[in-house]
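Here is a short briefing to read alongside the model. Take a moment with the view below, and then we can walk through it topic by topic.

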Amino acid sequence: MASVGMDVTQPESRMANPEGRDKLAPPDFIAESLKPYSIGEKLRTLRLRKKLGLIELGEHTGFSAALLSKLERGKLYPTLPTLVRIATVFNVGLDYFFTDERKRHVVAVVRKQDRQRFPERPGTADVAYYFEALDYPASSRKLNSYFAEFQSIAKEKLKPHTHPGVELLYVLSGSLVVTISSEPHKLHAGDSIYFDSAVPHTYWKSGEGPCSALIVTTP
């Protein structure tokens, strides 16, 4: 199994020197080098901003709540693959954790082949839609944007959800019913809807064939 983190409480950790030979790096050196970045605090801030518990975050990332807790408390530092997986869930790039705030880029290009696809809810067969983040490398975003593909699902299996801010949804293909509170709104390709996303809402694919939309939300 691949390593997911580096335990700085261990007696020694290995790092490569410029000549290519391995040497031992004291854990204090590693901890002090990473401390200014406050990786654990940033992870915790992202999780609380999304109103996720450690167990819920674990369902999205595949990591245990205990491990995630150690990462947040600075008892364990994540490897880059681990950090990439967590960062993707929160729709942020690695520069969020390592780049000086004053030097962050305001331009971020996301290639179609690089996007990650996530289910609406992990661990269930009843998925109303899959989504892909369109802007995850950008830091300090003023909005979040997603490409969503909706699946055929029975109406009674829909789970209303909420999130802070507002939402704009533009239907790219197919027919979609967006129910806000108890009021349904049927949309077709080219239609759009703007609403307060703090109000419980669901998406339901109402026709045959592919159904997709562009969704923009505020953080």
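## Helix H4 and what follows

Helix H4 is followed by Gly 74, whose phi is positive, near 75 degrees. The model you are looking at is predicted. Its protein chain has six helices and 13 strands, and 39% of its 219 residues count as buried. Among contacts in the chain with a separation of 6 or more, 60% are between residues 24 or more positions apart.

**More on H4**

- H4 spans residues 65-72, and its buried residues are Leu 67, Leu 68, Ser 69, Leu 71 and Glu 72.
- The cover over these buried residues of H4 includes H2, H3, strand E4 (76-78) and H5.

- Most residues other than glycine have a negative phi, which makes the next two residues worth a look.
- Lys 51 has a positive phi, near 60 degrees, and sits in the loop between helix H2 (39-49) and helix H3 (54-61).
- Asn 91 also has a positive phi, near 65 degrees, and its place is in the loop between helix H5 (80-89) and helix H6 (95-98).
- Asn 91 counts as buried because its relative accessibility is 3%, under the 20% cut-off.

**Nonpolar cores**

- In soluble globular proteins, nonpolar side chains tend to be buried together.
- The largest nonpolar core here has 20 residues, of which Phe 150, Leu 169, Leu 176, Val 178 and Tyr 203 touch the most other members.
- Two or more residues of this core come from each of strand E7 (144-150), strand E8 (166-173), strand E9 (175-180), strand E11 (192-196), strand E12 (201-205) and strand E13 (212-217).
- E9 gives the largest share of this core, with four residues.
- Another core lies apart from this one; it has 19 residues, including Leu 46, Phe 63, Leu 83 and Val 92.
- What does Leu 169 touch, leaving aside neighbours within four places in sequence? Its contacts are Phe 150, Leu 176, Val 178, Leu 187, Asp 191, Ser 192, Ile 193, Tyr 203, Ala 213, Leu 214 and Ile 215.

**Strand pairing around E13**

- E7 pairs with E13 in the antiparallel sense, over six bridges. Within this pairing, Tyr 146 stands opposite Ile 215 in E13.
- E8 is also joined to E13 by six bridges, and these two strands run antiparallel. Here Leu 168 stands opposite Val 216 in E13.
- Ser 145 lies in strand E7 and counts as buried because its relative accessibility is 11%, under the 20% cut-off.
- Not counting residues up to four places away in sequence, Ser 145 touches Glu 132, Ala 133, Leu 134, Asp 135, Ile 215 and Val 216.

**Strand E12, covered along its length**

- How many of the five residues of E12 are buried? Five of the five are, which leaves this strand mostly covered.
- In a regular strand the side chains alternate between the two faces of the sheet.
- In E12, His 201, Tyr 203 and Lys 205 point one way, while Thr 202 and Trp 204 point the other way, and all are buried.
- E12 pairs with E9 in the antiparallel sense over five bridges, and Trp 204 in E12 is the bridge partner of Val 177.

**The largest pocket**

- The largest pocket has a volume of about 1300 Å³.
- It is lined by 42 residues, and those closest to its centre are Lys 50, Val 89, Phe 131, Tyr 146 and His 163.
- The elements that give two or more residues to this lining are H2, H3, H5, strand E6 (129-133), E7 and E13.
- How does the lining of the largest pocket divide by residue type? There are 19 nonpolar, 11 polar and 12 charged residues in the lining.
- Tyr 146 links two topics: this residue is among those closest to the pocket centre, and it stands opposite Ile 215 in E13.

Terms used. Residues numbered from 1 in each chain as written. Predicted model: local features only at pLDDT ≥ 70, side-chain atom pairs only at ≥ 80, totals over all residues. Heavy atoms only, no water. Buried < 20%, exposed > 50% of the residue type's maximum accessible area, 1.4 Å probe, protein only. Core = buried A, V, L, I, M, F, W, Y, C linked by side-chain atoms within 4.5 Å. Contact = heavy atoms within 4.5 Å. Pairing = 2+ DSSP bridges. 1 Å grid on protein atoms, 1.4 Å probe; cavity = no way out; pocket = protein on both sides within 12 Å on 5 of 7 lines; lining within 4 Å. Points joined across faces, edges and corners; volume = space filled by probe spheres on them. Nonpolar A, V, L, I, M, F, W, Y, C, P; charged D, E, K, R; others polar.
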